Structures are given as C-alpha cells and as structure tokens.
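Here is a structure to question.

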Amino acid sequence: MPKRRPAGDDTAPEVGGIDTDILEQIGQRLERTNRFAETVFQPEYAPSSVIAEYDMGYFPTAIERAYLQVRWYETDDFNIHYSEQYDTGDHWECRWDRHPNDHNTRSHFHPPPDAATPGNDVEYAEDWRDILSDVLGDLDNRIEAFWE
C-alpha cells in the first residue's frame, strides 16, 4: 500500500489506489446533509468515486443537474469535481485536486466555468474533513449567489 504523505510533498510520482475507507466516510458525511438528494458509493459508471447528486430545489430551473464527484487515494491525494448542467446543453464546473502532475503543484484548483488546465496552485488542509468542509462552503456560496 502506498504511504500517506504530507500535502506539500511533490516528490511522489503516483497517487496509489483508492482509499475505500475514507471514501465511504465521505459518502456517509455527504448523505447526512440536506444538500444532496442522493449519494452513491462507487457506482458502476464511476467505480472509484462517491457521487452526490444535489437536491435541485436549491437551483434555478435552468440547471438540470448538479453533482459532486469525489475520489480519495491511499496517498491522501484527491480529486473533487463539481458540475452544473444546464437545459441549454452548457455546463459550469470546477475541480479541487491534490495529485502529482505536470501542469501545477501537487495541490491545485481548476477554476470555473470549465475547470481549465492548468489550474491555480493552492494549499489544502491535511485532513479530508477540513478539505470537504471548505469545498462544501465554496459550493454553498455559489448556490446562495443564485438567489441574491
């Protein structure tokens, strides 16, 4: 099993396997919030992920689907992808990442509206709970802005 490494360590070339224990805890945490209508642990179409489908009552009617997809690795690398899909066929998305790559530092953010690469180098907390709380807070701000 790959060794967990500090968030600032850019030396390891691989992310390792999926950490199903942490992924399950993340899924359980997402299930306990009213934001999501459904949370699916390792669905067939995304077996390395937890997918949380937002309750569409939080969104304007032009948005047909909004979801959060989370992958967490044994090395404490991660990928958290948020997407809104519109009735026009357009989409708005962003992604929080920590993984070895050749486009940014290990910890980075791919900004909306298209989660462009390269992203912005950032620092994330060490613990998955803090990271998830920060991401959910950012997304709550996004959703609240629809109604201001």
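Q: Why is Ala115 called buried?
A: This is a predicted model. Ala115 has a relative accessible area of 7%. Buried means under 20%, so Ala115 counts as buried.

Q: What makes the backbone of Ala115 worth a look, and where is Ala115 found?
A: Phi of Ala115 is near 50 degrees, a positive value, and Ala115 is not a glycine. The residue lies in the loop between strand 6 and strand 7.

Q: Why is Gln42 called partly exposed?
A: The relative accessible area of Gln42 is 30%. Buried requires under 20% and exposed requires over 50%. The value for Gln42 falls in between, so the residue is partly exposed.

Q: What is the phi of Gln42, and in which loop is the residue found?
A: Phi of Gln42 is near 50 degrees, which is positive in a residue other than glycine. Gln42 is in the loop between strand 1 and strand 2.

Q: How do you know whether Asp77 is buried or exposed?
A: Its relative accessibility is 0%. The cut-off for buried is under 20%, so Asp77 counts as buried. Asp77 is found in the loop between strand 3 (63-72) and strand 4 (78-86).

Q: What makes the pair of Asp77 and Thr75 a polar contact?
A: The contact runs from side chain to side chain, at 2.9 Å. The limit for such a pair of N or O atoms is within 3.5 Å.

Q: How do you know that the span of helix 2 is close to the expected one?
A: Helix 2 covers residues 128-145, which is 18 residues. From its first C-alpha to its last it reaches 26 Å. At 1.5 Å a residue, 26 Å is expected.

Q: Which residues of helix 2 are buried, and why are they said to line one face?
A: The buried residues are Trp128, Ile131, Leu132, Val135, Leu136, Leu139 and Ile143. Seen down the axis of helix 2, they fall within an arc of 125 degrees, so they line one face of the helix. An α-helix has 3.6 residues a turn, so residues three or four places apart point the same way.

Q: What covers the buried residues of helix 2?
A: The cover includes helix 1 (20-31), strand 1 (36-41) and strand 2 (50-54). It also includes strand 3, strand 4 and strand 5 (91-98).

Q: How many helices and strands does the protein have, and in what order do the elements run?
A: There are two helices and seven strands. From the N terminus on, the order is α-β-β-β-β-β-β-β-α.

Q: Why is the protein called as compact as a globular protein of its length?
A: Its radius of gyration is 15 Å. The globule rule gives 15 Å for 148 residues. The two values are close, so the label holds.

Notes: Residues are numbered from 1 along each chain as its sequence is written. This is a predicted model: local features need pLDDT of at least 70, side-chain atom pairs count only at pLDDT 80 or more; totals for chains, interfaces and linings use all residues. Side-chain values use heavy atoms; hydrogens and water are left out. Helices (H or I, at least four residues) and strands (E, at least two) are DSSP runs, numbered from the N terminus. Buried means under 20% relative accessible area, exposed over 50%, partly exposed in between (1.4 Å probe, protein chains only). A polar contact is a pair of N or O atoms within 3.5 Å; within protein, one must be able to donate a hydrogen and the other to accept it, and residues adjacent in sequence count only if both atoms are side-chain atoms. The expected span of a helix is 1.5 Å times one less than its number of residues. The arc is that of the directions from the helix axis to the C-beta atoms. Contact means heavy atoms within 4.5 Å. The radius of gyration is taken over C-alpha atoms; the globule rule is 2.2 Å times the number of residues to the power 0.38.
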